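Subject: Structure for your review

Dear colleague,

Please find below the structure that I am handing over to you. My findings follow directly after it.

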Amino acid sequence: MPQTKLARIAWARSGDKGEGSNVGVIARSDAAYSFLKEALTEGVVRSHMKTINPGGVIRYAADNMRVLNFMLADSLGGGGSASLKTDAQGKTHGLAVLRLEMDIPQSVLDATPAD
Amino acid sequence: MPAKDKVLIANGQGFWGDSILGPIRLVNEGPLDYLTLDYLAEVTMSILQKLRSRKPEMGYATDFVRLIDRILPQIVEKDIKVIANAGGVNPHACKDAVLAVIAKHGVKGVKVAVVEGDDILDQLDDLMGQGEDLANMDTGAPLSSVRDSVTSANVYLGAFPIAEALGQGAQIVITGRGTDPGLVLAPMIHEFGWGEDELDRLAAGTVAGHIVECGAQCTGGNYTDWRKIPNMARIGYPIIEASSDGRFVVTKHDGTGGRVDISTVTHQLAYEMGDPSNYITPDVCADFTSFTLSDDGAERVAVEGVKGMLPTPTYKVSLSYHDGWKSTGQLTVSGPDALEKAKLCSDIVWERLASDGFEYAPEERLIEYVGANVCHDGIPVPGSEDPPEVVLRLGVKGPDRDKVNRFGMELVPLVTSGPPGVTGFAGGRPKATEIIGFWPALVRKDLIETRVSVFSSEG
């Protein structure tokens with residue numbers, strides 16, 4: 001199966017939460033949400049973001065909005081005004097997660113309109 | 001019977017530093033009942049506390065006073081109520097400045113209310129004496145470990161004191177620290193007569209407040225498919241069309257830029273989210289997994305079915321404390337071989353500092369090659385291996401101010417004593433700035449007293 005970017009089937013929004021950030025991944029279709037709920041696990045996101053976030057990852061789901069919310073525990077280099085990083089608020093972490101390459105079934109792609 | 005069945009509540013300021021054009025356009029470009037404005041971030045209170053310690057009449061968001069000067073005629077003529085957390089750590093000074101501006105316009109009888117009780121800096125020792133350890137919610141450490149360095153302490157108050165101020169006839173309500181959604185929930189409580197036990201309705205108002213609290217972030221700003229957002233230069237700021245039964249619609253004024261649809265609203269619902277099933281405020285715990293979003297015509301999204309649960313017995317407290325010093329500086333390195341030369345520059349800086357006795361531990365320093373995939377570090381991005389130019393961004397932090405300042409002196413010398421093509425050193429030597437630590441804690445609600453007072457302009 002060809003690798004496809006997560007951005008093809010999801011949107012994202014991110015921001016700071018204490019010393020970490022949250023990344024809300026929003027599925028573009030019901031089919032995409034069902035697939036992502038299985039495939040986009042805490043482990044997958046933790047591995048993809050491991051350089052940015054040395055800490056743990058916790059996932060919450062909000063089925064009513066097709067949102068998978070990932071909490072990255074240590075992604076800001078200290079957080080708040082203690083961070084020296086350019087992206088001290090995790091504003092770009094959503095787009096970083098959307099760069100993830102996945103094996104997305106053709107049926108999911110067919111059921112999800114492209115941007 | 002509620003006085004009104006539908007109320008229009010906008011948010012024109014998403015954070016300290018947001019554009020003044022948002023609220024100015026909101027009062028000019030369409031109908032509106034309430035304008036809410038959020039000026040406070042977590043570090044803002046500490047900065048304001050410092051300003052006040054230098055000048056007793058400062059310590060609030062001066063942007064707000066400039067805004068009132070520009071929109072006063074419209075809000076008086078259209079009877080638009082304004083609710084702002086612009087009071088910072090000195091809400092009465094903010095109120096005095098606002099009253100002076102209203103007097104300058106020659107308008108008499110405008111009622112300005114102050115909501116206070118959030119500032120507990122002077123009560124900390126009393127509270128700790130009453131058994132409140134104000135432990136850090138993230139680490140569990142007791143406040144006593146940083147007590148001597150604390151620079152501000154503010155409770156996040158809820159919506160009811162603001163509603164009380166509106167009930168006393170205030171046209172402008174100035175608060176200190178409070179929850180952001182509370183600014184939007186308060187007019188619903190006031191207009192519809194919602195009680196503290198109407199949890200689903202309070203939760204609905206809280207969800208509405210969360211959607212609009214970052215201004216244009218729910219109307220197409222910071223949206224993934226950015227090419228699909230029309231006219232971002234004139235992006236419309238969000239408006240909640242609230243109903244007495246708790247159902248509400250997210251919209252914006254006709255003819256403004258941006259977009260309101262289920263996906264732009266959902267983007268903002270996912271912002272700063274923790275556990276979506278338990279969004280805690282002092283007014284209610286809202287379940288963000290409970291409601292449905294639906295299209296309600298062009299640029300309108302309806303939200304209904306929000307469930308609420310009993311609030312907790314505690315307020316969240318935001319404390320700040322002095323946590324050391326930091327300094328960052330940057331140079332631009334052109335190609336050819338920009339990244340390779342930038343890495344050499346970085347090595348040279350650290351080696352020169354070490355040779356003079358200044359060594360910085362890895363966790364005390366930062367090295368970034370901006371342009372070579374800093375933001376998405378570790379994720380393969382084509383083109384980042386050999387960028388045509390790189391901004392070398394270095395930084396240090398630590399408890400010793402002199403050591404942090406010493407770093408800044410070794411950046412600019414690279415222009416003449418490093419590899420070729422190093423430029424962009426405008427701005428001089430980087431200097432140490434204070435790190436303001438953030439300390440989230442909880443305090444029992446029954447130990448906190450809120451006060452509402454109303455004043456009238458004399459023109």
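Confidence

Please bear in mind that this is a predicted model. Its scores are ipTM 0.97 and pTM 0.96. For chain B the average pLDDT is 96, and 99% of the residues reach at least 70.

Chain A

Chain A contains four helices and six strands. Read from the N terminus, these elements follow one another as β-β-β-α-α-β-β-α-β-α. The C-alpha trace of chain A extends over about 45 × 30 × 25 Å along its principal axes. A compact globule of 115 residues would have a radius of gyration near 13 Å, and the value of 14 Å for chain A agrees with this. Of the 115 residues in chain A, 51% are buried. Among contacts in chain A with a separation of 6 or more, 63% are between residues 24 or more positions apart.

The ten-strand sheet of chain B

In chain B, 10 strands make up an open sheet with mixed pairing, in the order 11-12-8-7-1-2-3-6-4-19. The edges are formed by strand 11 (292–295) and strand 19 (451–456) of chain B; each has a single partner strand, so one side of each has no neighbour in the sheet. From one strand to the next, the twist averages 20°. Within this order, strand 1 (residues 6–11) and strand 7 (residues 239–243) of chain B run antiparallel and are joined by five bridges. B:Val7 has B:Ala242, in strand 7 of chain B, opposite to it.

The three-strand sheet of chain B

A further open sheet in chain B has three strands in the order 9-10-13, with antiparallel pairing. Strand 9 (279–280) and strand 13 (307–309) of chain B each have a single partner strand, so they stand at the edges with one side lacking a neighbour in the sheet. Between strand 10 (residues 285–287) and strand 13 of chain B, the antiparallel pairing comprises three bridges. Here B:Asp287 is opposite B:Lys307, which lies in strand 13 of chain B. Helix 8 (residues 199–212) of chain B packs on this sheet and touches strand 9, strand 10 and strand 13 of chain B. The direction of helix 8 makes about 110° with that of strand 13 of chain B.

Helix 2 of chain B

Which residues are buried in helix 2 (residues 44–54) of chain B? They include B:Thr44, B:Met45, B:Ser46, B:Ile47, B:Leu48 and B:Gln49. The buried residues of helix 2 of chain B pack against strand 5 (150–155), strand 14 (314–334) and strand 18 (433–444) of chain B.

With kind regards

Note on methods. Residues are numbered from 1 along each chain as its sequence is written. Chains are lettered from A and ligands numbered from 1 in the order in which they are written. This is a predicted model: local features need pLDDT of at least 70, side-chain atom pairs count only at pLDDT 80 or more; totals for chains, interfaces and linings use all residues. Two strands pair if DSSP finds at least two bridges between them. Helices (H or I, at least four residues) and strands (E, at least two) are DSSP runs, numbered from the N terminus. Two residues are in contact if their C-beta atoms, placed from the backbone, lie within 7 Å. Axes are lines fitted to C-alpha atoms, for helices over the stretch in contact, and angles run from 0 to 180 degrees between N-to-C directions. pLDDT is the predictor's confidence in each residue, from 0 to 100. The radius of gyration is taken over C-alpha atoms; the globule rule is 2.2 Å times the number of residues to the power 0.38. A residue is buried if 20 or more other C-beta atoms lie within 10 Å of its own, exposed if 12 or fewer, and partly exposed in between; C-beta atoms are placed from the backbone.
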